[in-house]
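Here is a friendly walk through one protein model, going from helix to helix and then out to the loops. Please keep the 3D view open while you read.

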Amino acid sequence: LGAKVQAYDEAGQPVIDRLGELVITQPMPSMPIHFWRDEGMTRYRASYFEMYPGVWRHGDWIRINARGGCVIYGRSDSTINRQGIRMGTAELYRVVEALPQILDSLIIDLELLGRESRLLLFVVLREGEGLDDALRAAIKARLREEISPRHIPDEIMQIAAVPYTLSGKKMEVPIRKILLGMDADGAAKREAMRNPEALDFFVAYAKNTIETKRTP
């Protein structure tokens with residue numbers, strides 16, 4: 001209420017009928033003006049104005065249609081929110097990748113407005129290992145014991161490689177965009193990736209999931 005809301009693409013341009021970052025382009029009545037104990041407003045600016053200088057980025061994905069209707073798709077960062085408990089992905093990676101069978105992993109929280117979030121865990125296994133029910137149970141048990149029962153994945157899948165940027169960062173946010181239905185070319189720049197072929201699995205998975213949902 002009382003907010004000038006738009007969807008911005010990665011270049012900071014407003015888009016219609018496309019998934020974009022929810023931004024507020026004019027001050028709104030309920031907008032906080034600072035954080036407690038944030039001398040110099042460093043955290044405040046980094047939280048809301050770092051991506052689009054001078055424009056409030058709220059931290060959610062939104063799609064605005066040509067009629068002005070909106071659908072909010074949940075958080076646009078990689079923070080996992082399970083039943084109100086928020087946690088960074090690094091803690092889950094620490095636990096999962098401590099298992100001797102697992103070389104690497106990627107966890108994606110598909111948090112959608114009005115639905116329960118769906119937590120997907122993708123794992124890269126050591127040579128000779130297979131993802132069977134025993135390993136799935138071991139992963140879930142370790143997460144239950146060391147993190148919480150709320151952060152047990154809804155689905156665990158094996159992949160050949162985790163997508164990485166050239167700087168060595170796991171591409172959590174771009175993969176989440178792809179799994180929510182964004183075109184892969186708009187979600188990730190292959191020329192900025194260390195292993196662009198790793199995207200193919202997620203593009204196919206998203207396409208199959210969307211087509212399955214459309215089937216009567």
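Let us begin with Lys177, which touches Glu10, Trp61, Met182 and Ala187, leaving aside residues up to four places away in sequence. Contact here means heavy atoms within 4.5 Å. Before going further, note that this is a predicted model, in which local features need pLDDT of at least 70, side-chain atom pairs count only at pLDDT 80 or more, and totals for chains, interfaces and linings use all residues. Residues are numbered from 1 along each chain as its sequence is written, and side-chain values use heavy atoms, with hydrogens and water left out.

Lys177 belongs to helix α4. Helices (H or I, at least four residues) and strands (E, at least two) are DSSP runs, numbered from the N terminus. Is Lys177 buried or exposed? With a relative accessibility of 9%, Lys177 counts as buried. The cut-offs are under 20% relative accessible area for buried, over 50% for exposed, and partly exposed in between, using a 1.4 Å probe and protein chains only.

Just after α4 comes Gly181, with a positive phi of about 110°.

Phe201 sits in helix α6 (residues 199-214). At 31% relative accessibility, Phe201 counts as partly exposed. Leaving out residues up to four places away in sequence, Phe201 touches Phe122, Gln158 and Ile159.

**Separations along the chain and in space**

For a handful of residue pairs, the table sets the sequence separation beside the C-alpha to C-alpha distance.

| Pair | Apart in sequence | C-alpha to C-alpha distance |
|---|---|---|
| Lys177 and Ala206 | 29 residues | 9.8 Å |
| Phe201 and Glu172 | 29 residues | 14 Å |
| Gly128 and Gln101 | 27 residues | 9.1 Å |
| Pro100 and Thr79 | 21 residues | 26 Å |

Two residues in the table are found in loops. Gly128 lies in the loop between β8 (118-125) and α3, and is exposed, with a relative accessible area of 77%. Pro100 is placed in the loop between α2 and β7 (102-110), and counts as exposed at 56% relative accessibility.

**Where α2 meets α3**

How do the axes of helix α2 and helix α3 cross? The axes of α2 (residues 89-96) and α3 (residues 133-146) come within 9 Å and cross at roughly 125°. Axes are lines fitted to C-alpha atoms, for helices over the stretch in contact, and angles run from 0 to 180 degrees between N-to-C directions. The two helices are therefore oblique to each other. On this scale, angles under 35 degrees count as roughly parallel, over 145 as roughly antiparallel, 65 to 115 as roughly perpendicular, and the rest as oblique.

On the α2 side, Leu92, Arg94, Val95 and Val96 make the contact, and on the α3 side Ile139, Arg142, Leu143 and Glu146 do. These residues divide into 5 nonpolar, no polar and 3 charged. In this grouping, Ala, Val, Leu, Ile, Met, Phe, Trp, Tyr, Cys and Pro count as nonpolar, Asp, Glu, Lys and Arg as charged, and the others, Gly among them, as polar.

Arg57 is part of strand β3 (residues 56-64). Its relative accessible area is 15%, so Arg57 is buried. Which side chain makes a polar contact with the side chain of Arg57? The partner is Glu21, at 3.1 Å. A polar contact is a pair of N or O atoms within 3.5 Å; within protein, one must be able to donate a hydrogen and the other to accept it, and residues adjacent in sequence count only if both atoms are side-chain atoms. Not counting residues up to four places away in sequence, Arg57 touches Glu21, Leu22, Val23, Ser47, Tyr48, Met51, Tyr52 and Ser76.

**Two positive phi values**

Most residues other than glycine have a negative phi. Asp17, however, has a positive phi near 60°. Asp17 is in the loop between β1 (5-8) and β2 (19-24), and is partly exposed at a relative accessible area of 45%. Met41 likewise has a positive phi near 60°. Met41 is found in the loop between β2 and α1 (42-48), and is partly exposed, with a relative accessible area of 26%.
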